[in-house]
Amino acid sequence: MFPQRRLRRLRRTPALRRMVAETVLTPDDLIAPLFVREGIDRPVPIESLPGVVQHTRASLVAEVAELIDLGIPGVILFGVPEHKDAEGSGASDPDGIVQVALKDLRDRFGDDVVLIADLCLDEYTDHGHCGLVTPTGAVDNDATLDRYAEVAVAQAEAGVDVVAPSGMMDGQVAAIRDALDEDEFGDVAILAYAAKYASGLYGPFREAVDVEIADGGDRRAYQQDPRNAREGLEEVRLDVAEGADILMVKPAVTYLDVIARVRAEHDLPLAAYHVSGEYSMIKAAAEKGWIDGDQVALEQLIAVKRAGADLILTYFAKDVAAGL
Ligand code: PBG
């Protein structure tokens, strides 16, 4: 008689399970998002992101040193400026907080770490939108592209390796590529937030960067509708055609189907952003004793990799790298 199939045989011991594991997570897969705030003299905790802080320039350098020691290859910087205005001028000011922080890190660490900068205006605008706003309150796509080009060049001059446009304007990757090439920054790569959804999971991030969207507004006129996966693939195709070097899907766990479909269709490196709300939900439930936070964090990051991501931007980067 045909023997009963026994799949449990290979699950019996930790060594057997390790031997047949299909998915492996290493520190090389992780990128740590870091916040640096202008005009503070000690790090400021972010209540809705337990364990994450707004860094001073000095504490940022110390944190990156620790991350490098843990084997994490890259960090992505977000700036929190002291002053905001309608154009988000701090985003492209050579003395703006992200530009000075990039210089600090490049001077200190050389090429030992990949320096990525989020490229957007929302942290710098007084209305909180990711682009320039017309008198009727709409976000002006093409005027915003000119600002993104200026931000890209300012970040490149400050020593960035990779710029990461997150504003979801049409044509942003092409506009940034043109501007970088024109100013002889052909080596600066673009990590495109290609399929970025209008998600409720960015809430804690907005506390981290002190952003409130004017008049109770939202980003649904530029970020994607969570109901659409095929549209996400079309966004990714556009960014590939415009010259993206690395693709990204964001958020991560809620969009594993999109990650898997992008992976199936494209061969460029694929990143996923495990966003602030994904982190905070785990932290909050763990704090209540309802889940094992470390186990769930690892389970989610593994799931993101299993779905097809090569790289994961995650607030768990340091903890996971330390425990791996
Ligand atoms: C825009 C940007 C956002 C995030 C990354 N880049 C906020 C937004 O789109 O509203 C969110 C990241 C997170 O929630 O961890 N600059």
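The legends below describe close-up views of a ligand and of cavities in a predicted model. Residues are numbered from 1 along each chain as its sequence is written. In this predicted model, local features need pLDDT of at least 70 and side-chain atom pairs count only at pLDDT 80 or more, while totals for chains, interfaces and linings use all residues; side-chain values use heavy atoms, with hydrogens and water left out.

**Figure 1. The shell of residues around the ligand.** The ligand is surrounded by 19 residues, where a residue is near a molecule if one of its heavy atoms lies within 4 Å of it. Asp122, Arg206, Lys250, Ser276 and Tyr315 are the closest. By class, nine residues of the shell are nonpolar, three polar and seven charged. In this scheme Ala, Val, Leu, Ile, Met, Phe, Trp, Tyr, Cys and Pro count as nonpolar, Asp, Glu, Lys and Arg as charged, and the others, Gly among them, as polar.

Figure 2. A polar contact is a pair of N or O atoms within 3.5 Å. An oxygen atom of the ligand lies 2.7 Å from a polar side-chain atom of Ser276. Nitrogen is involved as well: a nitrogen atom of the ligand is 3.3 Å from an N or O atom in the side chain of Ser166, and a nitrogen atom of the ligand is 3.4 Å from an N or O atom in the side chain of Lys250. Taken alone, the ligand exposes 410 Å², of which the protein buries 100%; accessible areas come from the Shrake-Rupley method with a 1.4 Å probe.

**Figure 3. The largest cavity.** On a 1 Å grid over the protein atoms alone, a cavity is a set of points where a 1.4 Å probe fits but cannot get out, and lining residues have an atom within 4 Å of a point. The structure holds three cavities of 30 Å³ or more. The largest has a volume of about 150 Å³, a volume being the space filled by probe spheres set on the points. Of its 19 lining residues, Asp122, Lys196, Tyr202, Phe205 and Lys250 are the closest to its centre. The ligand takes up the space of this largest cavity, and a molecule sits in a cavity if more than half of its atoms lie within 2 Å of its grid points.

**Figure 4. The second largest cavity.** This cavity has a volume of about 70 Å³. Its lining includes Met168, Met169, Tyr193 and Glu235. The largest share of the lining, four residues, comes from α7; helices (H or I, at least four residues) and strands (E, at least two) are DSSP runs, numbered from the N terminus.

Definitions and conventions:
A polar contact is a pair of N or O atoms within 3.5 Å; within protein, one must be able to donate a hydrogen and the other to accept it, and residues adjacent in sequence count only if both atoms are side-chain atoms. On a 1 Å grid over the protein atoms alone, a cavity is a set of points where a 1.4 Å probe fits but cannot get out, and a pocket is an open set with protein on both sides within 12 Å along at least five of seven lines; lining residues have an atom within 4 Å of a point.
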